[in-house]
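Hello,

Here is the structure I promised to pass on to you. Have a look at it first, and then read on for what turned up.

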Amino acid sequence: MQTEQVKPNEVTLVSVLSACAHLGALEQGKWVHGYLKSNKVELSVFLGTSLIDMYAKCGEVELALEVFNEMGVRNLLAWTTMIKGLAMHGGDMGALSLFSDMERAGIVPDDITFIGVLCACTHAGLVDQGRQFFDLMTTKYSITRKIEHYGCMVDLLARNGLLDKAKYLIQSMPMEPDALILGALMTGCRFHRNVELAEDVVKHLIQLEPENGGVYVLLANVYAASGKPEEARKV
């Protein structure tokens with residue numbers, strides 16, 4: 001296209017940035033950003049959000065923030081993409097601060113926004129805040145929780161040793177837990193050396209994935225971490 005001197009439109013540029021984000025092609029993504037600047041292409045919501053997504057997925061969160069701050073207009077997708085980008089790369093408090101800014105700006109979050117926020121709470125170990133956001137979904141915004149939201153909360157509770165509460169949350173879910181959720185609880189059992197609960201979780205994991213030998217490895221790790229090498233060898 002460049003060889004033929006055909007000028008790309010916004011749709012083309014967004015598609016190229018999406019491909020760069022998917023492939024982790026940072027240098028090519030930077031080239032597109034440079035092209036926008038040198039050709040004085042207006043940074044629309046779609047282009048800006050695509051740049052944020054590309055930089056975040058390539059691990060360049062600071063560059064993503066620069067683009068976000070340069071945007072004259074930001075819609076829900078732009079805010080959510082930036083929040084998720086921060087949450088993915090250790091900017092947990094920044095993600096939560098940005099969520100507060102978004103609310104003050106009058107932007108109503110959706111279920112995807114809350115996945116980013118809950119992930120930030122999980123990475124930062126913010127149990128109380130995570131619970132508040134989890135409740136906020138239904139009490140303030142009437143958002144139906146999905147399995148991803150429950151997964152974040154189970155992970156948050158299990159990581160912080162609240163295994164009974166994590167188990168109760170799983171039991172109260174309106175859908176059946178998947179292997180990822182049970183795996184998060186299992187990881188918590190290993191870290192906090194709860195053999196009894198781990199043995200119970202394994203039974204459910206085997207029902208879900210009977211051919212997955214990794215389940216037994218998880219149980220063996222729990223036994224080993226709990227000072228029970230004999231049981232670990234038997235597994």
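Before the helix pairs, one definition: a helix axis here is a line fitted to C-alpha atoms over the stretch in contact, and angles run from 0 to 180 degrees between N-to-C directions. Please keep in mind that this is a predicted model.

First, the overall picture. The chain has 14 helices and zero strands. Of its 235 residues, 43% count as buried. The accessible surface comes to about 12700 Å², and carbon and sulfur atoms hold 53% of that. Among contacts between residues at least 6 apart in sequence, 58% join residues at least 24 apart.

Now to the start of the chain. Helix H1 (residues 10-23) and helix H2 (residues 26-38) have axes that come within 9 Å and cross at roughly 155°. Angles over 145 degrees count as roughly antiparallel, so H1 and H2 are roughly antiparallel to each other. Their crossing is left-handed. H1 brings Leu 13, Val 16, Leu 17 and Cys 20 to the contact, while H2 brings Gln 28, Gly 29, Val 32, Tyr 35 and Leu 36. By class, that makes seven nonpolar, two polar and no charged residues.

Leu 76 is partly exposed, as its relative accessible area is 24%. Beyond its neighbours within four places in sequence, Leu 76 is in contact with Met 102, Ile 107, Val 108, Pro 109, Asp 110 and Thr 113. From Leu 76 to Met 102 is 26 residues in sequence, and 8.4 Å in space between their C-alpha atoms.

Best wishes

Definitions and conventions
Residues are numbered from 1 along each chain as its sequence is written. This is a predicted model: local features need pLDDT of at least 70, side-chain atom pairs count only at pLDDT 80 or more; totals for chains, interfaces and linings use all residues. Side-chain values use heavy atoms; hydrogens and water are left out. Helices (H or I, at least four residues) and strands (E, at least two) are DSSP runs, numbered from the N terminus. Buried means under 20% relative accessible area, exposed over 50%, partly exposed in between (1.4 Å probe, protein chains only). Contact means heavy atoms within 4.5 Å. Accessible areas come from the Shrake-Rupley method with a 1.4 Å probe; for residues, only the protein chains shown count as cover. Angles under 35 degrees count as roughly parallel, over 145 as roughly antiparallel, 65 to 115 as roughly perpendicular and the rest as oblique. A crossing is left-handed if the near helix is turned anticlockwise from the far one by less than a right angle, and right-handed if clockwise. Ala, Val, Leu, Ile, Met, Phe, Trp, Tyr, Cys and Pro count as nonpolar, Asp, Glu, Lys and Arg as charged, and the others, Gly among them, as polar.
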